[in-house]
Amino acid sequence: MSEGYWQQLDEGEEAFLRGELPPKREPPKPELLSLIDAADLDGLDPPPREWLVDGFLATKTVALFTGKGGAGKSRLALQLGEMVRRGHPFLGMKTQPCTVLIYSCEDDGDELHRRRAQMQRSLGIHIQPPGRLLFAPRVGASNALMALDARTGISSMTPAFATLRATAIETGARLVIIDTVAQTFPGSENDRAQVTAYVNLLAGLALELNGCVLLLAHPPKNEAEYSGSTGWDGTVRARILLHEKDDDGLTRRYLKLAKSNYSPKFEHEIIVDDYGVSHLAEHPPTSMAEKIGAYQDLARYKTIFLSALDILTRQGRAVSHSSRAPNFAPKVIIRADLGLGCSVKQLAAAMEALFKSGIIVAGAVVGKGSDRKAIYGIARAVPKGPADQDTAEAERDEVADSKVVDLNSFRPPPL
């Protein structure tokens, strides 16, 4: 009887009374694996590997970022998210701009706001970044992303994971930063099977997003680079460490790519500025005094450029913004002895800044030739309304009118 079955219970009982055996049932066939035949790949170029951060965070992977409490992991992860959102280099590494989601279990929204506002004082504000930076403050919430059946040992996703997954997909996030493992992994860090199940769950999310999941975690007290089973090191595709070394009484901080399946490992010394932003030690940040000095110098260069442009316009001499043109504005200004010691590079920087702020325009009518045809070149923009007028007045306040500034007294320093 164990080898067969009847469709209806009554039918089976009647057949049993008659001494009949049920028909044999064929065992169900297992589902086959999805396969790729190597022969189908012959002659085809493999797709290039895609990175969110070149040589650091590859798409479709999970990475582990460890460091002692208070070492600055969360701040550095926030800086990473901001730079990826902008598409700006992160510690010298090229980034692919995208939306970043930070699942923050240890810092609330106000603290994230404060840290980012402080960071912007060093990085500046990006008006229209190509990506978004999204915070999911989870302090005090139930954050376990995986549930474990104590009886069977089988793991499953939790409502918290389902919410995280749906949010990441809905927002188009490609980099998900989870802070921290201690808050989201309910199993034993020493249990390889549980660790593998947790990382595999997040690897599936990374595949769905065509992105990367970055896990923040604390190392153990025994100075090891990560805590628990070797399953952590074996399952993630990259492992990153933020650590400190004492060098003759001086504490140095290092970012180490301790493991990478797809790129060379590295260890870089980093320094942190007054606003919590990390920089490569070999490329220290420009001091605020230098930044202010550079801003003041640029304002002077713009003053000289505008004054020279006004003189050339009154003379009916058209100048161009193209560096290939024979009447390239910076070169004409210097040839006319109107540059007051500025270099071509300095005047070109001033010209670009004036274009960016809308103070000058190219292709404007600056006069008429002997044949009465219009002559085109660079000219001051004409304000079209109150808003434009305000902008023009603000710019005049910055670069000062040439009638009240003694330009002959200024000699700009070389770049």
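This tour moves through charged side chains and cysteines of a predicted model. Local features need pLDDT of at least 70 and side-chain atom pairs count only at pLDDT 80 or more, while totals for chains, interfaces and linings use all residues. Residues are numbered from 1 along each chain as its sequence is written, and side-chain values use heavy atoms, with hydrogens and water left out.

Begin by selecting Glu 225 and Arg 239, which form a salt bridge with the closest N and O atoms 2.7 Å apart. The term denotes a side-chain nitrogen of Lys or Arg within 4 Å of a carboxyl oxygen of Asp or Glu; the count comes to 16. Arg 239 is buried, at 7% relative accessible area, whereas Glu 225 is partly exposed at 23% (buried: under 20%; exposed: over 50%; partly exposed: in between; 1.4 Å probe, protein chains only).

Asp 233 is partly exposed, at 21% relative accessibility.

Next, select Arg 300 and Asp 297, whose closest N and O atoms lie 3.1 Å apart in a salt bridge. Asp 297 is buried at 18%, while Arg 300 is partly exposed at 37%.

Then display Glu 82, Arg 85, Arg 86 and Arg 116 together: salt bridges link these residues in a network.

Finally, turn to the cysteines. The structure holds 0 disulfides (pairs of cysteine sulfur atoms within 2.5 Å). For Cys 98, the nearest cysteine sulfur belongs to Cys 212, 9.6 Å away. Cys 98 is buried at 6% relative accessible area, and Cys 105 is buried at 3%.
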